[in-house]
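Colleague: Could you walk me through how to read the contacts in a protein–DNA model?

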2 protein chains.
Amino acid sequence: MISFLGEYESTVDAKGRFLLPAGFKKQLPQDAAAQFVINRGFEKCLTLYPLQSWNPIFETISQLNDFDPKVREFRRYFLNGATQVELDSAGRLLLPKNLIEHASLDKDIVLVSAMNKIEIWDKNKYKEFFDSFTSESFSILANEVMNPKLNN
Amino acid sequence: MISFLGEYESTVDAKGRFLLPAGFKKQLPQDAAAQFVINRGFEKCLTLYPLQSWNPIFETISQLNDFDPKVREFRRYFLNGATQVELDSAGRLLLPKNLIEHASLDKDIVLVSAMNKIEIWDKNKYKEFFDSFTSESFSILANEVMNPKLNN
DNA sequence: ACACTTTTTCCCACTTTTCGCCACTTTTTG
DNA sequence: CAAAAAGTGGCGAAAAGTGGGAAAAAGTGT
């Protein structure tokens, strides 16, 4: 299982391309084809899955019963916008327009590791998110998440 | 088994034709004849099946017991409106009028992957569907769908 | 049954966009 | 400081997308 670490900046050019930072590229298994799936994130960001991370998720979803309306709704929402992308000869990825819009990406973006995938944020949005966090609120959150026994 | 990924926009022209977006066309097996079956969706949308996806479904339905009135009813609903369509030389599909009506398609449409088939939505309807989702309601839905054991 | 109108289907030709590639600049590293 | 790698920009061929006209088919009325 791949897992990423780190946070890198990049810029989107006029055509909607950005360079996958060398830091992440090094973390990809070298046998990995340069193939990814990019999707809307749950928050106002995008999620970039190397194909190896995406496949098992897709596999699970594909086995659900299509005649269940909730399944259809779930799939529609979850798969919406998911797009396969590929590194170009210069190591860049092309962002689909609708996804750029979803995440309100401008020129500067931040790529953040999220376990087996990478989140893509507009630089300012990401900064706002961070600034809104004090070390106390972080500490409380950490305790809630890491110490589930307290949650009852 | 074919499976699609992505979400693309297209427009229906005055004659009821729309261009199958290049993104989807690339995902079709190249040996696939340019043949499709288009049908009413369960929701207010249309469903576009490449012939390979349609055939097994049709096969299943044809094996249901014809003496069961519910089967007859289901078939009537499900099969009526199913129409075979073919790409024209410019890569467009012609939408039957009754289906355009069913999905209230106007000029702008959105084509969305739904595993082995493609859903066709009126752009505004699709947006409404989306906007009606909050990240919480999605979390609940996801939990219901992905964790069937909880549903008893 | 035939002439005429309307609709459908097919195909051609043009415009716009995309994206693969190349070439250049900047940064890193040994 | 040189060489390699990282990062940026942009051209131009090829594909995508659009519109419309003509042929064929279907429909209608006398």
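Colleague: What should I keep in mind about the model and its numbering?

Modeller: This is a predicted model, in which local features need pLDDT of at least 70 and side-chain atom pairs count only at pLDDT 80 or more, while totals for chains, interfaces and linings use all residues; side-chain values use heavy atoms, leaving out hydrogens and water. Residues are numbered from 1 along each chain as its sequence is written, with chains lettered from A and ligands numbered from 1 in the order in which they are written.

Colleague: Which residues are the closest to DNA strand D?

Modeller: A residue is near a strand if one of its heavy atoms lies within 4 Å of it. For DNA strand D, 16 residues qualify, and the closest are K15(A), R17(A), K15(B), R17(B) and R92(B). By class, that surface has eight nonpolar, two polar and six charged residues; Ala, Val, Leu, Ile, Met, Phe, Trp, Tyr, Cys and Pro count as nonpolar, Asp, Glu, Lys and Arg as charged, and the others, Gly among them, as polar. A base is reached as well: a polar side-chain atom of R92(A) lies 2.8 Å from a base oxygen of DNA strand D.

Colleague: And what surrounds DNA strand C?

Modeller: Among the residues around DNA strand C are K15(A), R92(A), K97(A), K15(B), R92(B) and K97(B). Eight charged residues belong to this surface, along with two nonpolar and two polar ones. Sugar or phosphate accounts for 35% of the atoms of DNA strand C within 4 Å of the protein, and bases for the rest. The side chain of K97(A) has an N or O atom 2.9 Å from a phosphate oxygen of DNA strand C.

Colleague: How do I read the interface between chain A and chain B?

Modeller: Start with contact, meaning heavy atoms within 4.5 Å: 28 residues of chain A touch 24 residues of chain B. Next comes buried area, the accessible area (1.4 Å probe) that two parts lose on being put together, summed over both. The two chains bury about 2400 Å² between them, 70% of it on carbon and sulfur atoms. F74(A), R76(A) and Y77(A) supply 31% of the area that chain A buries against chain B, more than any other three residues.

Colleague: How many salt bridges are there between chain A and chain B?

Modeller: A salt bridge is a side-chain nitrogen of Lys or Arg within 4 Å of a carboxyl oxygen of Asp or Glu. Six are counted between chain A and chain B. One of the salt bridges joins R76(A) to E119(B), with the closest N and O atoms 2.7 Å apart.

Notes: A polar contact is a pair of N or O atoms within 3.5 Å; within protein, one must be able to donate a hydrogen and the other to accept it, and residues adjacent in sequence count only if both atoms are side-chain atoms.
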